[in-house]
Amino acid sequence: MKLVVNEQEYDVEVTPDMPLLWVLRDELGIKGPKFGCGIAMCGACTVHIDGRPVRACSYPASAVQGAVTTIEGLGQPDALHTVQHAWIEHQVAQCGYCQSGQIMSAAALLETNNNPSDAEIDTAMSGNLCRCGTYPKIRAAIKSAAQALRSQSVPQNDDAEGTA
Ligand code: FES
Ligand code: FES
């Protein structure tokens, strides 16, 4: 089967029911998405398919229709994604295990909503667990990434309030 991951096309020979996470990690050597629970309960394996967050551990590779993005494809060390930048600014990570999944969920949220309320953040991030308890820093980083995205957006004529 063919898969596009981080803008690169791969031809992989796997059984159709193999979860996407296994294909990414074991077949393609892309280790950013982590194995946590394996049953779509922790979010450590979160990747995007066409910008939508999915739990790769519970998503058959054969069901993938669209481009897959992992943390490796979100930004680059010399061109960080806004969310990655905010994560560093707020020093979010502790052990770090959950963090690629957290960042992928946060980036997907901000793609559709660049001014999320606390409740919207909590809802979007509720499937991403952190045993180190970094939740307050995650929320702060999401807010600061949202603000950065709003200030980057081009003002529309007379509707330019709040832009820098
Ligand atoms: S490893 Fe996929 S949700 Fe936990
Ligand atoms: S930073 Fe350790 S599990 Fe989240």
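**Local contacts and packing in the predicted model**

A polar atom of the S100 side chain lies 2.7 Å from the backbone oxygen of G32. A polar contact is a pair of N or O atoms within 3.5 Å; within protein, one must be able to donate a hydrogen and the other to accept it, and residues adjacent in sequence count only if both atoms are side-chain atoms. The model is predicted: local features need pLDDT of at least 70, side-chain atom pairs count only at pLDDT 80 or more, and totals for chains, interfaces and linings use all residues. Residues are numbered from 1 along each chain as its sequence is written, chains are lettered from A and ligands numbered from 1 in the order in which they are written, and side-chain values use heavy atoms, with hydrogens and water left out.

S100 belongs to helix α4 (residues 99–112). Helices (H or I, at least four residues) and strands (E, at least two) are DSSP runs, numbered from the N terminus. The relative accessible area of S100 is 11%, so S100 is buried. Buried means under 20% relative accessible area, exposed over 50%, and partly exposed in between (1.4 Å probe, protein chains only). Not counting residues up to four places away in sequence, S100 touches G32, P33, K34, A44 and I71. Contact means heavy atoms within 4.5 Å.

Helix α5 (residues 118–125) packs against helix α6 (residues 135–152) at an angle of about 115°, and the axes are 11 Å apart. Axes are lines fitted to C-alpha atoms, for helices over the stretch in contact, and angles run from 0 to 180 degrees between N-to-C directions. From α5, D118, I121, D122 and M125 make the contact; from α6, I138, R139, I142 and K143 do. These residues divide into four nonpolar, no polar and four charged.

One aromatic pair is found in a search of the whole structure. The ring centres of W22 and F35 are 5.8 Å apart and the planes stand at 90°, so the pair is edge-to-face. Rings of Phe, Tyr and Trp (its six-membered ring) pair if their centres lie within 6.5 Å; planes under 30 degrees apart count as stacked, over 60 as edge-to-face and the rest as tilted. W22 is in helix α1 (residues 20–27) and F35 in the loop between α1 and β3 (46–49), so the pair ties together parts 13 residues apart in sequence. W22 is partly exposed at 32%. F35 is partly exposed at 39%.

D50 has a positive phi, near 50°, and is not a glycine. D50 sits in the loop between β3 and β4 (52–55).

Methods:
Ala, Val, Leu, Ile, Met, Phe, Trp, Tyr, Cys and Pro count as nonpolar, Asp, Glu, Lys and Arg as charged, and the others, Gly among them, as polar.
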